[in-house]
Amino acid sequence: MTAQWHKTNYRVPYKDTDRMGVVHHGNYINWFEIARTEFMRHYGIAYKEIESKGFSLPVANVDCRYKSSATFDDCIVLFTKIADYSPLKLKFVYEARKVSEEAESDHLDKIVSRPSGELIASGSTEHTWVNENFKPTRLNRSAPDIYEIIREYGEQE
């Protein structure tokens, strides 16, 4: 199965730009977090719920490749999907794309088969499932309901 992309709309606020008038490179990592949080909420596994069950999903690795610039008030769509998973780990991939005002206003279609718009950055984050004591945990044993959702909507490398 090929995982579908989840869309999160974002309009660039002034605070995300630097003195040159473009989005500061560090903000893309924050955008990935926003997109990942909305992805998980959409599929019924919100971070708040995960943490209430005694689990965390810290970032173990992050990667970002910059292709083009975004500026204040640009319409951005953040595309997210699960690119790989196991009972211990989870990997998300992201694409930040600049879109038109009309495309940004489309809030109905949250799931798409492929991203659209001008690619401005892409990247990934890798995470490890841990318990309340920050010890790695096998999600398929400790939270099979959450693991089943990941299996249903993710893909494996």
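Throughout these legends, contact means heavy atoms within 4.5 Å. The views show a predicted model, in which local features need pLDDT of at least 70, side-chain atom pairs count only at pLDDT 80 or more, and totals for chains, interfaces and linings use all residues. Residues are numbered from 1 along each chain as its sequence is written, and side-chain values use heavy atoms, with hydrogens and water left out.

**View A. Surroundings of Ile 76.**
Neighbours within four places in sequence are set aside here; beyond them, Ile 76 is in contact with Thr 8, Asn 9, Tyr 10, Val 12, Trp 31, Ala 70, Ala 96, Arg 97, Lys 98 and Ile 120. Ile 76 also belongs to the largest nonpolar core, which has 33 residues. A nonpolar core is a set of buried Ala, Val, Leu, Ile, Met, Phe, Trp, Tyr and Cys residues joined through side-chain atoms within 4.5 Å. Buried means under 20% relative accessible area, exposed over 50%, and partly exposed in between (1.4 Å probe, protein chains only).

**View B. The nonpolar cores.**
Within the largest core, the residues that touch the most other members are Trp 31, Ile 76, Trp 129 and Ile 150. Two or more residues are given to this core by each of H1, H2, E3, E4, E6 and helix H5 (144-153). Helices (H or I, at least four residues) and strands (E, at least two) are DSSP runs, numbered from the N terminus. H1 supplies the largest share of the core, six residues. In soluble globular proteins, nonpolar side chains tend to be buried together.

**View C. Helix H1 and its cover.**
Helix H1 comprises 16 residues (27-42), which at 1.5 Å a residue should span 22 Å; the end C-alpha atoms lie 23 Å apart, in agreement with this value. The expected span is 1.5 Å times one less than the number of residues in the helix. Asn 27, Tyr 28, Trp 31, Phe 32, Ala 35, Arg 36, Phe 39 and Met 40 are the buried residues of H1. An α-helix has 3.6 residues a turn, so residues three or four places apart point the same way. The cover over the buried residues of H1 includes strand E1 (5-11), helix H2 (47-52), strand E2 (59-66), strand E3 (75-85), strand E4 (89-99) and strand E6 (118-128). Just after H1, Gly 44 adopts a positive phi of about 85 degrees.

**View D. The six-stranded sheet.**
Six strands form an open sheet in the order E2-E6-E4-E3-E1-E5, with antiparallel pairing. E2 and strand E5 (111-112) stand at the edges with a single partner strand each, so one side of each has no neighbour in the sheet. Two strands pair if DSSP finds at least two bridges between them. E3 and E4 are joined in the antiparallel sense over ten bridges, and the bridge partner of Ile 82 in E4 is Phe 92.

Arg 11 is partly exposed at 29% relative accessible area, as is Asp 73 at 37%. Another salt bridge links Asp 74 with Lys 98, with the closest N and O atoms 3.6 Å apart. Asp 74 is in the loop between E2 and E3 and Lys 98 is in strand E4, so the pair connects parts 24 residues apart in sequence. Asp 74 counts as buried at 16% relative accessibility, whereas Lys 98 is partly exposed at 23%. Salt bridges that share partners join Arg 11, Asp 73 and Glu 101 into one network.

**View F. The salt bridge between Lys 53 and Asp 145.**
The side chains of Lys 53 and Asp 145 meet at 2.7 Å, N to O. This pair links distant parts of the chain, with Lys 53 in the loop between H2 and E2 and Asp 145 in helix H5, 92 residues apart. Lys 53 is partly exposed, with a relative accessible area of 37%, and Asp 145 is partly exposed, with 42%.

Asp 73, a residue other than glycine, has a positive phi near 75 degrees. Phe 134 is not a glycine, yet its phi is positive at about 60 degrees. Phe 134 lies in the loop between E6 and helix H4 (139-142) and is exposed, with a relative accessible area of 59%.

Definitions and conventions:
Salt bridge = Lys/Arg side-chain N within 4 Å of Asp/Glu carboxyl O.
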